[in-house]
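Visitor: I am new to reading protein structures. Can you take me through one, feature by feature?

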Amino acid sequence: MNDITVTQDDVNSLSFHLKKDAESAGYYLNPDTGFTQDLVKGLIINEHRYSYPSCPCRLASGVKEKDIDIICPCDYRDSDINEYGSCYCALYVSQAVSQGKKKVGPIPERRLPANQKTKVHKVIPKTEILATLSYPVWRCRVCGYLCARQEPPDICPICKATKERFERFI
Amino acid sequence: MEWIHNEGKNKGKVILYALSTCVWCNKTKELLKDLGIEFSYLYVDKLSKKDFEKVLEDVKHWNPACSFPIIVINDKKCIVGFKENDIREAFKK
């Protein structure tokens, strides 16, 4: 696989946007700038390789449907921040870490191996409840945002995940 | 397949499976270099399709979760993740 050249400008530009989006939604980027820039560079490389920015610290298959849960921000980010203070690669951290009150370290992998993956637990409401709903309810698998409308939004207003990261919740 | 060799003290056969974009893999590689150990490493994300399939079997053997970095010592002991204390301990002697 050929290496691509990632310029410092590319890294700065994406870092700036990620930071802005994160802070506007109550998320925090790792305050260690060098560390964060290396991860952002990894995201740019993966975007170039696979056409989607999969987690720099996970092995991507190259098939979007199989990697959908590890496209940054991944489906496991929020749970890992809550439990460990950072996501798996540590691009995103908790408020305590962002303020330097807590340190981050490597954390265990929450994602199940491919052969153990099961379909996301589906909530099956009673039909009478369904019948009274005027709209289906969609859930963002990244941040848990719920909305009742005919289709999910193109971009999650909270975490900026794309439409395909939504699942039918009710 | 491109194994990259790092010269150093011989502590047995030490190999590292890593991802080129992974910050924790890089920290692991730098730690091994700081410890002055002879080892070889492979960037699994940079392999050709053919080599990838072959290497993936080895990787799964050592770590079914397929998470990185993976250090394998003498085809016996395996350390998954940037576990700094475990790594230092393993090469103490």
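Guide: Start with contacts. Two residues are in contact if their C-beta atoms, placed from the backbone, lie within 7 Å. Keep in mind that this is a predicted model.

Visitor: Leaving aside its neighbours within four places in sequence, which residues is C87(A) in contact with?

Guide: C87(A) touches C74(A), Y76(A), R77(A), D80(A), I81(A) and Y92(A), once neighbours within four places in sequence are set aside.

Visitor: How should I read a nonpolar core?

Guide: In soluble globular proteins, nonpolar side chains tend to be buried together. Here the largest nonpolar core has 49 residues. Those with the most contacts inside it are C87(A), C89(A), A18(B) and F68(B). Elements giving two or more residues to this core include α2 (33-50) of chain A and α1 (23-34) of chain B. The largest share, five residues, comes from α2(A). A second, separate core has eight residues, among them C140(A) and F166(A).

Visitor: How many residues does each chain bring to the contact between chain A and chain B?

Guide: Chain A gives 14 residues and chain B gives 15 residues. On the side of chain A, 10 are nonpolar, two polar and two charged.

Visitor: And how do I read a sheet?

Guide: Strands of a sheet pair through backbone hydrogen bonds, either parallel or antiparallel. In chain A, an open sheet of three strands runs in the order β4-β3-β5, with antiparallel pairing. Its edge strands are β4 (146-148) and β5 (166-168), each pairing on one side only. From one strand to the next, the twist averages 30°.

Visitor: Which residue in β4(A) is the bridge partner of R139(A)?

Guide: L146(A) is that partner. Strands β3 (residues 137-140) and β4 of chain A pair over three bridges.

Definitions and conventions
Residues numbered from 1 in each chain as written. Chains lettered and ligands numbered in written order. Predicted model: local features only at pLDDT ≥ 70, side-chain atom pairs only at ≥ 80, totals over all residues. Pairing = 2+ DSSP bridges. Helix = DSSP H or I, 4+ residues; strand = E, 2+ residues; numbered from the N terminus. Axes fitted to C-alpha atoms, helices over the stretch in contact; angles between N-to-C directions. Nonpolar A, V, L, I, M, F, W, Y, C, P; charged D, E, K, R; others polar. Core = buried A, V, L, I, M, F, W, Y, C linked by C-beta atoms within 7 Å. Buried ≥ 20, exposed ≤ 12 C-beta atoms within 10 Å, placed from the backbone.
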